[in-house]
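Trainee: I would like to go through some labels and ask what stands behind each of them.

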Amino acid sequence: MVNAFEQAMTLHQQGQLEKAEALYRQLLDADASDANALHFLGLLCHQCGRDTEALDLLDRARQLVPDYPDTWAVMALCHKTLGRVDDGIAACEEALDRNRRHPMALNLRGYFAHLRGEWSQAIGFYHRAIQADPRHADAIHNLGITLHYMGQPDRAAQCYQRALALNPDSAQLHYNLALAQQVLGQHADSKASLRRALELEPDHVEAFYRLGYLKRLTCDWDALDDYTRKLDHRLREYLEGGGNEPLSPYVANLFEIDPDTHRGVARRYGELIEQTARGVSVEMGTAPAKDRLRVGYLSPDLGRHAIGMLVRDLFGAHDRDNFEIFAYSLCDDAHPNLAHVRATSDVFRDLSGASWAQAAKTIADDGINILVDLAGYTQSSRPEILAMRPAPIQVSWLGYLNTMGASFIDYIVADGIVIPPDDDALYDEAVIRLPPSFLLGSPVEPAADVPSRADLGLPEEGVVYSSFNNGYKLDPALFDVWMEVLASVDDSVLWIYAGAAAVENLRAEVAARGMHGQRLVFAEGIRLEDHLARQVHADVFLDAFQYSAGATGVAALMAGVPLLTLYGDRMLSRMGASLNHAMGMSELVCTDRERYRETAVRIGTDAAYRRELRERMGAARKNSSLFQPRRFARRLEQAYRVVWARHEAGEKPGSVDISEE
């Protein structure tokens, strides 16, 4: 039978799995206590995607030979596939009890620590795995992934390149290298890495998906319509095949794909997050009784991020007689916004160094009634915390402007403009509608020093059209309209912020439309106070079509700049309309692109109309609740009371419409 086992092993190593399995089973028919056959048949079953069966075989093997670490390590591998984090950790520890330098067990133990958000521990395990086996490409790769999550893309890229030297044909390694290169601003290298991943694995949906994001980020519009069609097709195939790749729906927001496809991607992403959360057991304490409703705000963006600018004054504006406000920060940021939130919350907790399981336990132990997530599926968000259900009511607001498609989110905060009642069916969450807008702005004073037009690269004379949206919000149809406007208004310029990565492509787009390059002026990214001060030179803010201005729109209105927008077909393309509604400037909300163009031209050619708009903006800025956090807080609190009363009555979440006071 020894020869039969060796033959089975040879077939296994050659990838002839069916023949190898048949021989392993023959060996077990002859001797059911053959631990080697049980172990390797278990490994084979794992390789074939039959992990439950594999675990049964491996469990029999370890009972026969309990001190064999490899069996425990393969069991951990099966638990990884099944999403059983706690069981996987236990199996790794059993393997390491028998061999403290077992590379596979150390690598898997690091993986499970990473899944729990215990990144420092994960790095320690990966280093130990690499010390035990310096050529362990998987451990080096995983070390890079964790370093990237910890905000160290430069060190992550070094790990990926080191792993690629050992395994140059790994599409996933090229993909992860591309992610690090993107964060480092190496966009050409990132695109090359993604294309290499697709050469190696043409069906690598993550690489194709991310390449689309880079195209939008850098305003690379070559064959964009064709790419969008292919993306929609690939995403449908991904959903039909029950894909396990974690595709963040945030990228899908940048493309005009079928709403059902987008919602499917969101739901699948939420399911994968829930699978991870289900694999972790956390004992959460019983919260003490309290007199006030406890509301927690969870965000990685309470500092220098645009979200921090919007919500900064909300924490101190809440009614302290009836509400107790907790702020849970997922960033460690020295920005004054975060310091202000810390000072004006009843309880502030820095969870930036906590695992998501620890963070969920902290929130649950605080007895939070309503947890408001301000990040959704955006960068640095940690939806795994929400998937642990640390609060009975969980709400999505402001950071992510679409359905999250997750069972762990009960409500989405919106208004009657961005999500009218007829659109409720497009959202898995119940909709809370606030009047007049779901957006707010914490007032900021502009810097005292106002730069001259020359300092900003603007001509001394002529109308200045501005748009400070990120480059990924722009598209060819929008740019066509903008160039038509410039052609109709002599000496006008378009003052734009699109990020350094998009500059050359946008210059080429201007030239391709027969316009002189000097008609496009690029703005630098600067601190908010200086940005507000420089906008005195802008005559009107031209909004994007598909993904309209949120925080950038608020900043324009705060600076007194009229905002011209197009009412789109989804929440993302209706934010400008919501802002204008709140400012009493609905005439600047256009229903079609021709009206948008005509209005932009009128503003550029009618000086009296420009002055009138500016004067009205000054009055609207003083009167609108958009810049009055206390008024906004009262409406938000009304919604909190309604959703909590429903919860206590045992009712399911349902739409909530708050009326004007």
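Mentor: A helix here is a DSSP run of H or I with at least four residues, numbered from the N terminus. The model is a predicted one.

Trainee: Which residue takes a positive phi just after helix 25?

Mentor: Gly560 does, with a phi of about 85°.

Trainee: Why is helix 25 called largely enclosed?

Mentor: Buried means under 20% relative accessible area. Seven of the eight residues in helix 25 (residues 551–558) are buried, so the rest of the structure largely encloses this helix. Among the buried ones are Val554, Leu557 and Met558. Their cover includes helix 17, helix 24, strand 11, strand 12, helix 26 and helix 28.

Trainee: What makes Asp319 and Arg641 a salt bridge?

Mentor: The cut-off is 4 Å between a side-chain nitrogen of Lys or Arg and a carboxyl oxygen of Asp or Glu. In Asp319 and Arg641 the closest N and O atoms are 3.9 Å apart, so the pair qualifies. The two residues lie 322 residues apart, Asp319 in a loop between helix 18 and strand 2, Arg641 in helix 29.

Trainee: How do you know by how much Arg616 and Glu612 are separated along helix 28?

Mentor: Arg616 and Glu612 are four residues apart in helix 28, which means a separation of about one helical turn. An α-helix has 3.6 residues a turn, so residues three or four places apart point the same way. The closest N and O atoms of Arg616 and Glu612 are 3.4 Å apart, in a salt bridge.

Conventions
Residues are numbered from 1 along each chain as its sequence is written. This is a predicted model: local features need pLDDT of at least 70, side-chain atom pairs count only at pLDDT 80 or more; totals for chains, interfaces and linings use all residues. Side-chain values use heavy atoms; hydrogens and water are left out. Buried means under 20% relative accessible area, exposed over 50%, partly exposed in between (1.4 Å probe, protein chains only). Contact means heavy atoms within 4.5 Å.
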